[in-house]
Amino acid sequence: MSKQQNRLVDFRKVKDSVSITQILEHYDVLAGFSKRGNRLEGPCPIHNGDTSSFSVTPLKNTWYCFGQCKAGGNILDLVAKMEKCGVRDAAIKISNWFELDNVEHKPAKSNK
């Protein structure tokens, strides 16, 4: 295992530092969404849907696709689906895009 793969990622820090609307802006799809109460609705960016099947709840920083995906989650899950990668790689991508510091840290050494 390489040193990069051996590092732990602070998923909480990534999720607390970046909003789902920032992620939608990063993918340049936020303009296609409409406000519906406390949610945003628009086409699913994952499968390039052309209907309003994608729902975002900004206060909870979550999303759900009622169309082809039938999936949902947080920003890590969305980026993982969009980039076709795992959530760890999604967290690293997000931290790079938004210039977050210290999201990776070395695992604690055991005293064995």
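In what order do the elements of the chain run from the N terminus on?

**Figure 1. Overview of the chain in the predicted model.** From the N terminus on, the order of elements is α-β-α-α-β-β-β-β-β-α-α-β. The chain holds five helices and seven strands. Of its 112 residues, 35% are buried. The accessible surface of the chain comes to about 7,200 Å², and carbon and sulfur atoms account for 46% of that surface. Among contacts in the chain with a separation of 6 or more, 43% are between residues 24 or more positions apart.

**Figure 2. The open sheet of five strands.** The strands follow the order β2-β3-β4-β5-β6, and their pairing is antiparallel. At the edges are β2, residues 34-36, and β6, residues 72-73, each of which pairs on one side only. In general, the strands of a sheet pair through backbone hydrogen bonds, in either a parallel or an antiparallel way.

**Figure 3. The pairing of β3 with β4.** Strand β3 covers residues 39-42 and strand β4 covers residues 54-57. The two strands run antiparallel and are joined by three bridges. Which residue of β4 is the bridge partner of Glu 41? The partner is Ser 55.

**Figure 4. Helix α4 against the sheet strands.** Helix α4 is formed by residues 75-83 and lies across β4, β5 and β6. Strand β5 comprises residues 62-65, and the helix runs at about 45° to this strand. One of the strands under view, β6, is also an edge strand of the sheet.

Figure 5. Helix α5 spans residues 87-97. Which residues in this helix are buried? They are Ala 90, Ala 91, Ile 92, Ile 94 and Ser 95. Following α5 is Glu 99, which has a positive phi, near 50°.

Figure 6. Why is Thr 21 classed as partly exposed? Its relative accessible area is 22%, and the class applies because this value falls between the 20% limit for buried residues and the 50% limit for exposed ones. Leaving aside residues up to four places away in sequence, Thr 21 touches Leu 30, Leu 40 and Pro 58. Thr 21 and Thr 57 are 36 residues apart along the chain, and their C-alpha atoms are separated by 9.4 Å.

Methods
Residues numbered from 1 in each chain as written. Predicted model: local features only at pLDDT ≥ 70, side-chain atom pairs only at ≥ 80, totals over all residues. Heavy atoms only, no water. Pairing = 2+ DSSP bridges. Helix = DSSP H or I, 4+ residues; strand = E, 2+ residues; numbered from the N terminus. Contact = heavy atoms within 4.5 Å. Axes fitted to C-alpha atoms, helices over the stretch in contact; angles between N-to-C directions. Buried < 20%, exposed > 50% of the residue type's maximum accessible area, 1.4 Å probe, protein only. Areas by Shrake-Rupley, 256 points an atom, 1.4 Å probe, with all protein chains shown as cover.
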